[in-house]
Structure formats: structure tokens, C-alpha cells
Amino acid sequence: MGKKGKKTTPDNPKKEDPNADRLQKLLFAHCNQQLKDGVKMDEIINFLKNQKLVEDFFKKQKNPEAVSGDGPNEDKESKLKKGLRLIGKFNIIILFTFLLFLTALMGYVGVCHLLDVNPLKYFPKIQEKRCLIPVNQIIKEMARPLADCAYCSVGDPVIEMNEIPSKEEFLKVAYLSKTIIIRGGVEKLGIKKENLTIDKIKEIFASQPGGMKAVADYSTFTAFTSHFVYLEDALEAVSDDFIWTEEKESWYFGWSNEHLGASKKLRKLFPRPDFLPDEVDPTGFDWMFIGSPGPGVPMHLDFVKRPLWQAQMSGVKRWEVFPVYECESACPNPVVFTVYTGDIAFVAPHFWFHKTFVEGKKLSMTIGWDY
Ligand SMILES: [Fe+2]
């Protein structure tokens, strides 16, 4: 059998209030005495109603929850108030802890600075890391200094040359962050294209001590749109007689040649052009890119300090470049140019978002480095 619920009525309030009982008894005693003394009932009631405690008592007789303070609405309100008070206290504790931590950190750094002590030497694991937080494209973009839009708003964004410029001529345009194309530049520099084919480059890497694996270990391989995981696999898939057909997948990959021996051999076959400015860093790495017809590098901005040059050793590559966000309205957008076999292109990949597309049927292969 289930329990029978106790009915809540004004005569039978849910919660017994001992004070109300006492007050009730006192009131009855008081009223009896008053009546005995000849005071009229109406007068007694009017007098009593003017007393605060008694007024509450009468109200309680009509609605027990209205005066008691234990009603469900008040319960909810008081719980809400308590909750809010708790959250307020919690926030104050968090703020206080944060300020304490910040003060301690600033004090620690200040003391270390005064004593000329490097605090990180006590945390070798942190010191080994180049960055405390991983640096992604968004953080790099946030940290990028704003560009002066004159680089794309003043004059033609692409400068074409049909002859090899003198050092002085090239210096005038070298760091304007515009694209420079020297048509037929490879041949005009006296570079023999047949010495720098895909097969020859593979031979150069294979001839290094440790073979292709050494090159793969030291180099930065970027798969871009290809499925290749290692440079070795990628190079195995390409050759000078590779014929691309529409049924085959498109791929594009690149790598920086950080192998000293391979770099020396490459630079013997493609020496640094004389017209490049003297301030060029001679220790920069060579970058090579190979791609089949189809999409090349997807749209991106390179967070580098210097522009790059690329000699188009085989194939045809179309570039689409876009100014940085702050210059979008002031500059042509996009700028499209095509680089043919034997041309040399100079691009500022840190000022132009860029994507490429390999045209025709031949593999595209480029060699270059920054300047
Ligand atoms: Fe790039």
C-alpha cells in the first residue's frame, strides 16, 4: 500500500511553526482576558491587527506559505541567490589566483633580469622547444607586419625582361616585391638544361654518401597535392620520359635540398647568377618542385624574409598571385602570369598569396632559392 499524502490546508500547514502556536495561545489568553474585562471583540481585533506580529499571524491563517518564508517560490529564489553568490565568490577566487600568479611570474622574471640569470636553464625541456605554443598559419598571419601597398598599387606588378640585367639594373627592382620574369634566362645565363633534367637530379642525390635516404633525412619534403610520404617514393615516381595522361592523378611536391654534397653539385651546374645583389645569403637552401599537369601548390602565403627565384627547367607553370589582405582594394587582384621552360621567375611569396597550375602535358620542374 502506498503512503497517503498529508493534505496541506490553512488549518493543517505543511510545516508546524512553534512560534505561531505560542502566539496563538497567547492571543487566545489575551483575548479572553480582554473580553472578561468588558472590551468589545471588534475593538480587540482592530487593536491586534495593528501589531506587526499579529498581522503576520492573521495573514498566515489565510495563506500559510505567504508569511512563513518556506514557500516553493521563495525556496527557488533563495537557491538562485545562493548560487549567484557562490559563482561570484568563485570568480573572485579565480581572479585573485590569476593576479597572484602574474605577480609571482613578473617578480621572478624581474629578479632573474636583475641577477642576470636565465630562468629557462632550469627547465631544459622547455628550453629545447623553439616555441612554447605551436605556431600555425593564423598566429603567423597575426604576427605579420602590415605591408606598404605601394608594392602592388604603384606600377606594373609584373616586370618582364628579355635580357639578363646588370647587377645595377636588377638591384633597382630586386626588392620591390614585384614579380620579375627573365624570358629565356636559363639559356642566356649559359646554363645547360640537359645537365639539370629530372633524371640528372636524381643521379646527383643517388650519388651522395648514404644515397637517397640521406637526402630524404636532411631535406624538408612537402607533399602538397601528392600522396607521397617520402621524397624517395616521390622521386621514384618521376623521370624525364614520364608521360602524363588525363587518367593519371595529378600531383605536385617540393623539397629543400639541405644536403651539402648535393647542393655543391647542383650549384656547380647552376651557379648563382652574377646579377643577384651582393647581400644574398649564399647559405640558403635550394628548393626544387616537380609537378604533373594539373593543380600545383594550393593558395598560401610564405612567412619568409626574402623573395625567391625559380628557374623553370621543364614544363610550363601558371601562377595566380593575390596581394595581402590589407592591400586587396588598392591592388590588382589576382595577377596571373605564365612561366615557360627556360624562363626565370623572381617572386615575393611573403607579399603575394600564390597558387600554381602546371599546364601542357609535360612535368614541371623548377630549381631555385631565395635571394
Ligand atoms: Fe609558396
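This is a predicted model: local features need pLDDT of at least 70, side-chain atom pairs count only at pLDDT 80 or more; totals for chains, interfaces and linings use all residues.
**View 1. The buried face of helix 11.** Within helix 11 (residues 198-206), the buried residues are Ile198, Ile201, Lys202, Ile204 and Phe205. Viewed down the helix axis, these buried residues fall within an arc of 155°, so they line one face of helix 11.

**View 2. The salt bridge between Glu326 and Arg144.** The closest N and O atoms of Glu326 and Arg144 are 2.9 Å apart in this salt bridge. Because Glu326 lies in the loop between strand 8 (316-323) and strand 9 (335-339), and Arg144 in the loop between helix 7 (137-143) and helix 8 (150-153), the pair ties together parts that are 182 residues apart in sequence. Glu326 is partly exposed at 27% relative accessibility, whereas Arg144 is buried, with a relative accessible area of 15%.

**View 3. The salt bridge between Lys167 and Asp278.** Here the closest N and O atoms of Lys167 and Asp278 are 2.6 Å apart. Lys167 belongs to helix 9 (residues 167-174) and Asp278 to the loop between helix 14 (260-269) and strand 5 (286-291), so the pair ties together parts that are 111 residues apart in sequence. Lys167 counts as partly exposed at 30% relative accessibility, while Asp278 counts as exposed at 58%.

**View 4. A network of salt bridges.** Arg318, Glu320, Lys355 and Glu359 are linked in this network.

Note on methods
Residues are numbered from 1 along each chain as its sequence is written. Side-chain values use heavy atoms; hydrogens and water are left out. Buried means under 20% relative accessible area, exposed over 50%, partly exposed in between (1.4 Å probe, protein chains only). Helices (H or I, at least four residues) and strands (E, at least two) are DSSP runs, numbered from the N terminus. The arc is that of the directions from the helix axis to the C-beta atoms. A salt bridge is a side-chain nitrogen of Lys or Arg within 4 Å of a carboxyl oxygen of Asp or Glu.
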